[in-house]
Amino acid sequence: MSQRDISLNVNARDVIIDAPPETPLLWVLREQLALTGTKFGCGISQCGACTVLVNGEPRRSCVTPVSAIGTESVQTIEGVRGGTDGRIANALHDAWVSHGVPQCGYCQSGMLMCAVALLRSNATPTDKDIDTAFTGHICRCGSYQRLRAAVHTAANTLR
Amino acid sequence: MPPRQRLFGSAMPEAPQNAVVLNGYVAIAPDDSVTVFAPKAEMGQGVHTAIAMLLAEELDCDWSRVRVEHSPVDRIYANLAVARDAVPLHPDDDATLSRAIGWFSDKVMREVGGMITGGSTSVRDLWDPVRDAGALARATLVQAAARYWDVSADSCTVVNGVIAAGNRSVRFGELVQGVTELEPASRYTRKSPEAYSIIGRATPRLESASKSDGSATFGIDVRIDNMLYAAITMAPVFGASVRSMNERAVIDLPGIEAVVRVRALNGSPHGVAVVANSWYTAQQSLPKLDVKWDHGPNATLSSESVRQQLRTQAGKPDGRSFRNVGNVTEVLESASKTLAVTYEVPYLAHTTMEPPNCTVRVNDNSADVWVGTQVPTQARGAVAGILGIDESRVTMHVQLLGGGFGRRLDIDFIAQAAQIARAVPGRAVQLIWSRTDDVQHDFYRPACASVMTGALDDSGNVLAIRASSASQSIVGAYGARNGVAAAKFDPHKSTVEGMFDQPYDVPSMDVLHHVVDLPVPIGYWRAVGHSHQAFFLESFLDELAHAGGNDAMALRRQLLAHHPRALRVLKLAAERSQWGSEPAPASDGARVARGVALHRSFGSIVAQVAHVSLGAAQDIRVHRVTCVVDCGLAINPDGVAQQMESAIAYGLSAALYGDITITNGRVDQRNYDSYKALRLHESPVVDTHIVPSTEPPEGVGETGLPPIAPAVANALFSLTGIRIRQLPLRLDAVLETP
């Protein structure tokens, strides 16, 4: 494993990190950049807890080598409300709170990143659209029906 | 004399900046902020909000200024309710005896008891002391104001954190300005329930915003200067040990700090850990260790052999009796109709979203532990023992838990982290398990088999039920690995709770259990014994109803005729689910059927009606669940509804998918791909109805789980005529069986 400097753009900030190139983005975010909002859940792209936005698209950071990011921009839960998707992210945040979506809350960063991408591409999602968008995500607390309602509420607010 | 022994500890909690600690549960700061010290872990069940509501109600503070911190470890926070609940007495028949034993158990727990978040006991345990703490704090502040103004305390009123007398008023915060303590009032009175303005009101969870912006800190998110990370490889076969490893292949790799042999403590397997500057680096180096294992005596164990043993034992006539009324043997011999069938459930894993993890820093003659745990007292004792230092030298920093469900009642990973951190003194080490570690080294919900025998008269009335189950004992296994002396006393309620303690009035009933010793690690899983005994009893009652030509709802109504609370729950479930009418078909036109189940656990009664259809591939689809709960006074109705939704989702994951299997002494499943969890598109709409009540609050976190599996199984029977007596529910497997 050879160490090398890798430059990244995370939450609109340029950073240089020092990690083996195959290190998954997840561990760079959590350990080197202390952006712990992005969670480790499964390590094999099964649960969605580690979801971040790379060039605006949801990406599983647990299986994305940090060297594969290149010049693409990374957004995490910590930065998304102040970024280009801020309006959507803030509407979702408010809806998450008002519907009481989080229980243990561990999976919710990944859920929110998925929801941001959904509402950017589909301003008026149906239940079915929401179900499809979240098939890659797991919540063991069963926050599902509130999550669905909160996505609708955020979509209505943004309309 | 007020029960002050639960309000003032040997050491008071550390006050937030400039704040004054008024008692073991609350501090007030000059800016009027109120810090509630919660002695229970927040793992999603909403208990921090519920505790804060109890306290704020009596304190009359400004709710918007309330925040919660986990309390330190102290004897005043010992969980008394959990010991009371462990007594295997029938809640209706043995109330007097139960009260007497409870009084004695409270005395013992006050002396030796530890802090425990589990058994749906949190609100029951804190209902009195936290209201006392709030009322005492209010009286203390009023006393200070009254002395300042030289008026009587009785002439003061308190509204929203402001004390007033005549035309003078003072904020709570002003009273603690520039002082380090306030003399506690000698008397206080609690409000009468009619005056409640916070308790009983649907209240948003206090951590909702921080859990929706990534700022909430779970154990795995703890960051300490100069910290290290550890990954571990554990003996794959139950009871195996390390024979050899190639430490030299790893120790000089870049980023590696230490290789540590980890002994089997508190139920954990033997293992080898690697400490590195990144968890990924540590994890990637594990295969290079090339650890060889001595597999020991369990290398041929399989879940199929376990199943055969459990079936054989359950069929035996001996076994410990937990309830014996009437004369089951006689009735079975003379009844016109009898039914004897065997039910089975598999081992289950918890798979909390946050994998087990723990951060420890070993200093000179002291240690810090940052962890999400349900048992901080026990964890502290174990760490102190491993490090050979006094308990008082170990500081527990309890973090938010990314799910608990009983998994974090065990301290195996904490004992590992302490052993690992000892190798790099002065530096914090965070041990994180991979998901595969978690799935393969859990303490599983025990597999269980039960032979159910029933007798009916000519009109289909239930005359007798005998339930004879066989499984490992959770209390026995947990007690042995953690040195809990009380666990040596039989009988263990957890083996048959959910069968012997139900509100049904069956004229003759015999509940037996056979403890089977097996090397599979088992532990507390949401709803514990209720999680499977409810499936056995509620499915079997359905069978008896159909065998006797009765409606499933009508049969239950009859058996609950003398239990008004349960009857009310059942009737509401029938009304709200429109029981008796033909359900509307699914969106693809498939027929929908209903199934009902009712269950009492942790003091609460829950009835659920599941609306189920089959997809094109005979896949089981649960569209809607009507859920009615009587949990006594609902402190936070929105929190109760959340827990019903949560328990139904968790129970459905198990009912539809949950199956830990064992081949050659090791667990076959590895991750969420092979151990599936319910996802959004598979989850039902849950309609929760809370029965209004002024009775004392009862358990909420687990009580919604037991009815869901039998409700779905009963709906499936209604839909297909096929009775499934095994979990997970698999129609395809049944249809293929000749």
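Helices here are DSSP runs of H or I with at least four residues, numbered from the N terminus. With that in hand, welcome to a set of close-ups of a predicted model.

**View 1. Ala139(B) sits in helix H4 of chain B, residues 122-149.** With a relative accessible area of 17%, Ala139(B) is under the 20% cut-off and so is buried. Beyond residues up to four places away in sequence, Ala139(B) touches Ala185(B), Arg187(B) and Tyr188(B). Take Arg187(B): 48 residues separate it from Ala139(B) in sequence, yet the two C-alpha atoms are 7.2 Å apart in space.

**View 2. Helix H8 of chain B, residues 303-314, has a buried side.** The twelve residues of H8(B) should span 16 Å at 1.5 Å a residue, and the end C-alpha atoms agree, being 16 Å apart. Buried in this helix are Ser303(B), Val306(B), Leu310(B) and Ala314(B). Because these residues cover an arc of only 60° around the axis, they fall on the same side of H8(B). Their cover includes four strands of chain B: S19 (448-456), S20 (462-471), S21 (508-515) and S25 (662-663).

**View 3. Arg311(B) and Glu344(B) join in a salt bridge, 2.8 Å from N to O.** This pair links distant parts of the chain, with Arg311(B) in helix H8 and Glu344(B) in strand S14 (residues 337-345), 33 residues apart.

**View 4. Arg466(B) and Asp510(B) form a salt bridge between two strands of chain B.** Their closest N and O atoms are 2.9 Å apart. Arg466(B) belongs to strand S20 and Asp510(B) to strand S21, so the pair ties together parts 44 residues apart in sequence. Asp510(B) counts as buried, at 7% relative accessibility. Elsewhere, salt bridges with shared partners join Glu42(B), Arg205(B), Glu207(B) and Lys211(B) into one network.

**View 5. Arg243(B) meets Asp294(B) in a salt bridge, 3.4 Å from N to O.** Here too the pair links distant parts of the chain: Arg243(B) is in strand S9 (residues 241-244) and Asp294(B) in strand S12 (residues 292-294), 51 residues apart. At 34% relative accessibility, Asp294(B) counts as partly exposed. Over all chains, the count of salt bridges comes to 49.

**View 6. Chain A meets chain B through 50 residues from chain A and 57 residues from chain B.** About 4600 Å² is buried between the two chains, 57% of it on carbon and sulfur atoms. Five salt bridges cross the interface; one of them pairs Arg30(A) with Asp221(B), whose closest N and O atoms are 3.0 Å apart. There are also 29 residue pairs in polar contact between the chains. On the chain A side, helices H1 (25-32), H2 (86-98), H3 (108-121), H4 (127-133) and H5 (144-158) each supply at least two residues. The largest share, five residues, comes from H5(A).

**View 7. Thr23(A) occupies the loop between strand S2 (13-19) and helix H1 of chain A.** At 3% relative accessibility, Thr23(A) counts as buried. A polar atom of its side chain lies 2.7 Å from the backbone oxygen of Pro20(A). Apart from neighbours within four places in sequence, Thr23(A) is in contact with Val28(A), Thr64(A), Pro65(A), Val66(A) and, from the other chain, Tyr280(B).

Technical notes
Residues are numbered from 1 along each chain as its sequence is written. Chains are lettered from A and ligands numbered from 1 in the order in which they are written. This is a predicted model: local features need pLDDT of at least 70, side-chain atom pairs count only at pLDDT 80 or more; totals for chains, interfaces and linings use all residues. Side-chain values use heavy atoms; hydrogens and water are left out. The expected span of a helix is 1.5 Å times one less than its number of residues. Buried means under 20% relative accessible area, exposed over 50%, partly exposed in between (1.4 Å probe, protein chains only). The arc is that of the directions from the helix axis to the C-beta atoms. Contact means heavy atoms within 4.5 Å. Buried area is the accessible area (1.4 Å probe) that two parts lose on being put together, summed over both. A salt bridge is a side-chain nitrogen of Lys or Arg within 4 Å of a carboxyl oxygen of Asp or Glu. A polar contact is a pair of N or O atoms within 3.5 Å; within protein, one must be able to donate a hydrogen and the other to accept it, and residues adjacent in sequence count only if both atoms are side-chain atoms.
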